[in-house]
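Biologist: Please go through this model with me, one point at a time. I would like the cut-offs stated as we go.

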Amino acid sequence: MTDHAWLMEAARRVRPAAVPTEPIALADDLQMAWSQVARASGLTPRELAAAVALTNGLDAVDPKQIDFSQASLLPERMCRQQGLVPVSHDEATLVIAVSDPRLPLEQLQALRFSAQRSIRLAVMAPDDIDTAQLRLFSQEHRSKSVGDLPEVDLLADDGVRNVPQAVSLAKAIFRAALDLNASDVHAHPFVGGGAIRLRVDGVMRRVSTINASTLEALARYLKAQAGLDPNPLKPQDGRLRLRYGRRMIDVRLSILPAYDGDRIVCRLLDQSRNFSLQSSGFSTAEQQTLQRLVLRDAGMVLLTGPTGSGKTSTLYALLSELNTVDVNIMTIEDPVEYVLPGISQIQANEKQGRSFADTLRSILRQDPDIVLVGEIRDGETARVAAQAALTGHLVLSTLHTNDAMGTIPRLLNLDLDPAILADALLGVVSQRLVRKLCEACRVAPSVPYRPGEEEFHRLTGSYPRYRAQGCKRCAMTGFRGRLPIVEIFETTRELRHAIQTGEHSLRALTAAVGGRHHLMSRSAEARIRAGETTPAEAQRAMGMGFWYELAESHGVDTGTLRDELAEEVLAGRRLRVLVVSTDPLLADEVRSAVPYQLDCADSVAAASEALDQQLGVMAVVIDAHLIEAAGGHALRESLETMANASPWAGLPLLLVRATAAPDDEQLLPERIRVLTAQESTAEPMRQALLQLMGHHV
């Protein structure tokens, strides 16, 4: 039961004679209790608010004092759940109106963190707070309906001294991500703390490790900026916008609570991006084929491939080619990621009854020439899209299949009529993205050749033009940017006949396409011959199927593919432990203790260089005397200085010393442990490393 006796005490202070002396059973709900006390004391709700303010040494607020044109500094959900409304603010202080001023300390701290200002409370009646929220947030919703999002300026200092660490960290992470052209930012629990990773050119790259409290603060900041619940027990999605100089970047935020902290993923969508087939990296021949497919008055063109293979970007590039003043283009997407000028884009929403199929039916009544359906997910959407293609519309869409030819059996399995599919389908494009070799450091292959280079020579008769090396411009990866490799087929008369008969066999369908089939392995081969990528990168994108398809297309027996092919792709992606020592016996002990790949360095400087180049290191084992030699100070001081500097920051460290540690070294952070030389055998080493890396043993 909620005790609202404090309301009666406030009323009695200003009108003692009118307040009954006998106790009144007040409702649990604050708004109802407020009305009960006001009636019993003969006060109006606003007079009671003044009494509550006087009792608590605060000001009472009249709704007329609120400037509803100013944007709220607090998320709508927080305001509604906690029954408060922002009244006014300056650079240092935010005034918040509440009906119950007895806010607990943790709630005040959460408000202070969200607003990035100190908080001053005022009092307002519950009915007035409801009215103020309605006016304030209805105005925000009207602005958001035309595309406005909560905005973070990455180059601003927010006008606040002593900016909180989470704020400066978030901005630094986003700036680094945008400078590296990353598509996603990941922040997640990692070995007892947290890790910041960026997806650059489709590959995850760890850029920093942080402690657990910093990860928690970062999650709170992002939730507040996106208007999410600060402490949910369920996944949440939100959006916000970044301003980076003249660039505007939309962020799709996904937060998933895990047992050891929140997992945060931010998808970065640069709204200034220019979509075109040429800028997407398609070869001239592939551009001509794609243009030939879509330069039709009616029909259906489908793009297939896994998530992250560039399907949406290719569709947008095609729409940009088709977007002229004499055509009506409409899209159905979930969600709308990029805003395309001159094109009507509709957001599908299953929860609100706007499914792809229902929205497509509505769009067809809007007299479109070209329709983009974000994804064909079910038989109903497939049937409506195919019917639209048969009734004079060009329909573009995506489908999840492993390859282009697999699209036909997939659509037939969705109960699409074979005759309709045969007449509607113009062609299918299957796409993957491969990393592009860094032009600043790529080198010609030489003896000894790598397994992928040897196999490429065996199947095609020539070696790749270049191989990856690595430099500072490409962050030692050997790659900068990405290129599409594609499989394309155009519907032929023979293929239409095969579809009409309900043919599901991929072999028969492929034979019916004849010469109108451009293989993905041949697309990759052309990139490799041109020196744009490598065989290992093509294998990473296509799997081992790259080699089988390439061999078949050249009429070469696959024989026994080299076992080293898989190893070459996996080698740079394995988790590893770095051993910093001149003693080979220590490396042997670590190798036998944990199932991770081992890297070795013979000095602190060499270890720092290795950490800069290799981002898969899970922990570092280091000889104490090497730190003493490098630091020139007491071991603890040198160790803490090194461990908190980049690129060591946040990494678990296992220090091996000849004798037991002095008392002051027992005060080292949790992520640093000390073993004596006598303890550094396999089992104690294994226990210490697994505990450091967050495993339960």
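Biologist: What percentage of the 697 residues in the protein chain is buried?

Modeller: This is a predicted model, in which local features need pLDDT of at least 70 and side-chain atom pairs count only at pLDDT 80 or more, while totals for chains, interfaces and linings use all residues. Residues are numbered from 1 along each chain as its sequence is written, and side-chain values use heavy atoms, with hydrogens and water left out. Buried means under 20% relative accessible area, with a 1.4 Å probe and protein chains only. By that cut-off, the buried share of the 697 residues is 49%.

Biologist: How many helices and strands does the protein chain have?

Modeller: Both are DSSP runs numbered from the N terminus: helices are H or I with at least four residues, strands are E with at least two. The protein chain has 26 helices and 24 strands.

Biologist: In what order do the five strands of the open sheet lie, and which of them stand at the edges?

Modeller: Two strands pair if DSSP finds at least two bridges between them. The pairing in this sheet is parallel, and the order is S21-S20-S22-S23-S24. One side of S21 (597-601) and one side of S24 (672-676) is left without a neighbour in the sheet because each has a single partner strand, so the edge strands are S21 and S24.

Biologist: Which helix packs on that sheet?

Modeller: The helix touches S22, S23 and S24, where contact means heavy atoms within 4.5 Å. Its direction makes about 175° with that of S24; angles run from 0 to 180 degrees between N-to-C directions, and axes are lines fitted to C-alpha atoms, for helices over the stretch in contact. The helix is H26 (residues 682-692).

Biologist: How are helix H7 and helix H8 oriented: roughly parallel or roughly perpendicular?

Modeller: The axes of H7 (residues 165-179) and H8 (residues 212-226) come within 9 Å and cross at roughly 80°. Angles of 65 to 115 degrees count as roughly perpendicular, under 35 as roughly parallel. H7 and H8 are therefore roughly perpendicular.

Biologist: Why is strand S18 largely enclosed by the rest of the structure, and which residue in S18 is the bridge partner of Val434?

Modeller: S18 (residues 479-490) is largely enclosed because nine of its twelve residues are buried. Ten bridges join S17 (residues 425-437) to S18, and these strands run antiparallel. In S18, the bridge partner of Val434 is Leu483.

Methods
Buried < 20%, exposed > 50% of the residue type's maximum accessible area, 1.4 Å probe, protein only. Parallel < 35°, antiparallel > 145°, perpendicular 65-115°, else oblique.
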